[in-house]
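Subject: Structure handed over, with notes

Hello,

Here is the structure I said I would pass on. My notes follow below it.

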Amino acid sequence: MGYGSFRGGVHPFRGKDITKEKAISEYLPQGDLVYPLSQHIGAPARAVVAAGDEVLAGQIIGEADGLVSANVISSVSGRVRTIERRMLATGVISDSVIVENDREYRPAPGIGKSRDPEGLTKEEIRTAVKNAGIVGLGGAGFPTHVKLAPGDDGAIDYVIVNAAECEPYLTGDYRLMLEEPEEILAGLQVLLRLFEKAKGVIAIEADKPEAIKKIKAVIEEKSLSQSAEVCTLKTKYPQGAERNLIFTITGRRLNSQKLPKDAGCIVCNTATVHGVGQAVLKGLPLMNRIITVTGDGIANPGNFRVKVGTNYGELIEAAGGFTAQPEKVIAGGPMMGMALTVPDVPVTKTSSALLVFRKDPVAHVKPGSCIRCGRCVKACPCRLLPLKMWQACKHYNLDLFQRLYGMECYECGSCTFVCPARLSLTQSFKQARMMVSDQRKRAKTTVSDRKKQQSSRQRQKDSQAHTAVTGIFSGCGGAGRDMAESE
Amino acid sequence: MRELWNVSSSPHVRAWDGTRNLMLDVALALMPAAAFGVYRFGLYALCILVTAVGFALLTEYTYEACVGKESTLWDGSALVTGLLLGMNLPPKTPLWIPMLGSIFAILIVKQLFGGIGQNVVNPAMAARCFLLISFAEQMNAYSEMDGISGATPLEMLKNGGAVDLPAMFTGFTTGSIGEISALALLAGGIYLLIKRVIDWVIPVVYLGSFSLFMLLFGGRGADLTYLAAQLCGGGLMIGAWFMATDYATSPVTEKGRFLYAVFLGMLTGIFRLWGASAGGVSYALVTANLLVPLIEKITIPKAFGWEGQKDG
């Protein structure tokens, strides 16, 4: 196996030594827990509890609302204090269920009941995953039960466990592989039951030899080598990016408009696979997240098993607090994480790390002029021309931006990392991509709106409502050119 | 009261090397060839180099101060331009030549086009072409040494004379200050390759396509001595390793770099074989520089996953 690696990528300082030897320790929350109803891709969940209700650990408090959506689960027992809007680490403001923790962790009925995998039908497995509220825990947060229903199960020939963990400083997946390899492989076996023709591949970067050894040993021990194997990846960022990973393992190329299933692949993060195993085999919904709290600004860096909904501020305390006044605190890794303004945001299903820098490595960086060195071109894992895209952004030329395949960018930050002129390339691409998505959405609405108009004309019904509809959409034109200059 | 935390868009880390490191690496890589030139031609050659660098920096500073632009004096690009220009001047040229050349390079070719990264042609090369055309006599002030006449090896080669190949390789010959030692230039080029300041495509393809062109059209058939002399002679080595790889004036696309280097090789061959003067690298470079925007336009790569597909 192995088609070599994708082209591009960068080698930032790994920073994993700080926490890679730190075993996962359980952290129990002290304060209220906050469960945003929108912590996944797709429609927000619908709250099924109200202020004052008693909730139990593992109880569904937000129900998946729509085809692409996910359940939200209470990770503690207690009382619903209120439902209000709260800010997440990403800056998104979402309706959230606030639960007062009674610290008894009384499980909801049926939680923790073991199941025999042999007797389960595919439908039961998918339902169990859906009920457990599992989403892509690598960061994207795509509802896993949707991913696991690609339509034609026989067309899937690879189930890939994405254990690359290429983002610097993060060691949560690594520790999980060292400490609970059996559970990860059990989860993989569950996934393989859904896709008879598929082969399981656990993809690990070469800088984690202990994890590779451990997983291989368990495969050997449980004689799973027929269905599962380890693929060692070249250590570089962004090795764990889905489309690049699929190429590295299968040699198949996907663009941003395709899904992994189009290449016969199902790709799930380590923690997701672990979660699937827990949900299906042990009846445990997604209540915990492993968070790496690290950086030079934290007293006792470590890996913590944290209840979803815990306040980030508590994690800082759990890791011994700051060593000195930090300049920057990041939710996630240094390449794609979000800088926090306040610690008062909840751990969500997709949280992975809290990184504290005493000195902000980019605060004093002064952007210069592009010298056309082409380093961004070499670094881009999507084979784009970041310097040209940047020019397009500077001139608000969104057409040119799209012609340069700007929408293929997944904002990994490699170009910005290598840029010797210190330009804020990724930042301007984020803005441009948002504006283009906006435009496209608006164009779609207008088209569907026109169709509505035609059909309503044909039917000659309710002409007043029709005017109302067009009235709403005619107000949407023109906005959106106010992208802030990014330098 | 907690102080505020910094907020910025990801990524939150940057590679350490910036524009200045790259430029200083180029300057460092030029040092062996420059030092050899000074050793060969004496202290007057050093005066030429210092004058060229000094006036390049002075022009950069003065212009930016006059128009109120932020100073880019310390990013090292003017230093490299001045050094390259000086190294491409004959060792006996009067000092007003490097002065005028540096002012032309920085002011006209670089700053008036928008400064670093914006120039259409390589400033040092454009200045050399300007000087060659305007001051032919001063630009041919090659020194007579060791009983060798003032003609450069390339001129002798063009006139059907014999040349001392080992001397041309090591640099014990005559020519511009920095171009005589192929060995020292090669060492600098390899340093840049190792430091990943440049990639191999442009120099290797340039030298390769030039060799092929000379084998086909040189009229000497597979005469390897002639070919080696052509490779070591004139500005080809310094051009291939240090000027053709100039960031601002070479394509950023992969295919574009290849195409550009092939063009360069062919143009250099054409100018050397059928041009009025023996050398042709400067004219080839300036001509190819002008083609770069076009080359880039037609070589925009398909994004990952779009290979062989229609655009979406």
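I start with a pair of residues in chain A: A:Y158 stands opposite A:K199, the latter in β10(A). Please keep in mind throughout that this is a predicted model.

The sheet in chain A

The strands around that pair are β9 (residues 158-163) and β10 (residues 199-205) of chain A, which run parallel to each other and are joined over six bridges. Both belong to an open sheet of four strands in chain A, ordered β11-β10-β9-β12, with parallel pairing. At the edges are β11 (228-233) and β12 (265-269) of chain A, each of which pairs on one side only. From one strand to the next, the twist averages 25°.

Two helices of chain A that pack on this sheet are worth a look. Helix α5 (residues 209-221) of chain A touches β10 and β11 of chain A, and its direction makes about 165° with that of β11(A). Helix α7 (residues 270-282) of chain A touches β9 and β12 of chain A; here the angle, taken against β12(A), is about 90°.

Backbone points to check

There is a cis peptide bond between A:Y237 and A:P238, with omega about -5°. A:P238 sits in the loop between β11 and α6 (242-250) of chain A, β11 being one of the edge strands of the sheet. In chain B, the peptide bond from B:S10 to B:P11 is cis, with omega near -5°. B:P11 is in the segment before α1 (19-41) of chain B.

Two arginines of chain A have a positive phi. For A:R103, phi is near 60°, and the residue lies in the loop between β8 (93-101) and α1 (122-131) of chain A. For A:R383, phi is also near 60°; this residue is found in the loop between α9 (375-379) and α10 (386-394) of chain A.

Are these arginines, A:R103 and A:R383, buried or exposed? A:R103 has 11 other C-beta atoms within 10 Å, and the limit for an exposed residue is 12 or fewer, so A:R103 is exposed. A:R383 has 21 other C-beta atoms within 10 Å, and a residue is buried at 20 or more, so A:R383 is buried.

Chain B

Chain B has 13 helices and zero strands. With 312 residues, a compact globule would have a radius of gyration near 20 Å, and the 21 Å of chain B agrees with this. Along the principal axes, the C-alpha atoms of chain B fill a box of roughly 80 × 50 × 30 Å. Buried residues account for 50% of the 312 residues in chain B. Of the contacts in chain B between residues at least 6 apart in sequence, 76% join residues at least 24 apart.

Where the chains meet

How many residues of chain A are in contact with chain B? The count is 55 residues of chain A, in contact with 32 residues of chain B. On the chain A side, β15 (328-331), β16 (338-339), α12 (414-418) and α13 (425-459) each supply at least two of the residues that touch chain B. By type, the residues on that side of chain A comprise 31 nonpolar, 13 polar and 11 charged.

That is what I have for now.

Regards

Definitions and conventions: Residues numbered from 1 in each chain as written. Chains lettered and ligands numbered in written order. Predicted model: local features only at pLDDT ≥ 70, side-chain atom pairs only at ≥ 80, totals over all residues. Contact = placed C-beta atoms within 7 Å. Nonpolar A, V, L, I, M, F, W, Y, C, P; charged D, E, K, R; others polar. Rg over C-alpha atoms; globule rule 2.2 N^0.38 Å. Pairing = 2+ DSSP bridges. Axes fitted to C-alpha atoms, helices over the stretch in contact; angles between N-to-C directions.
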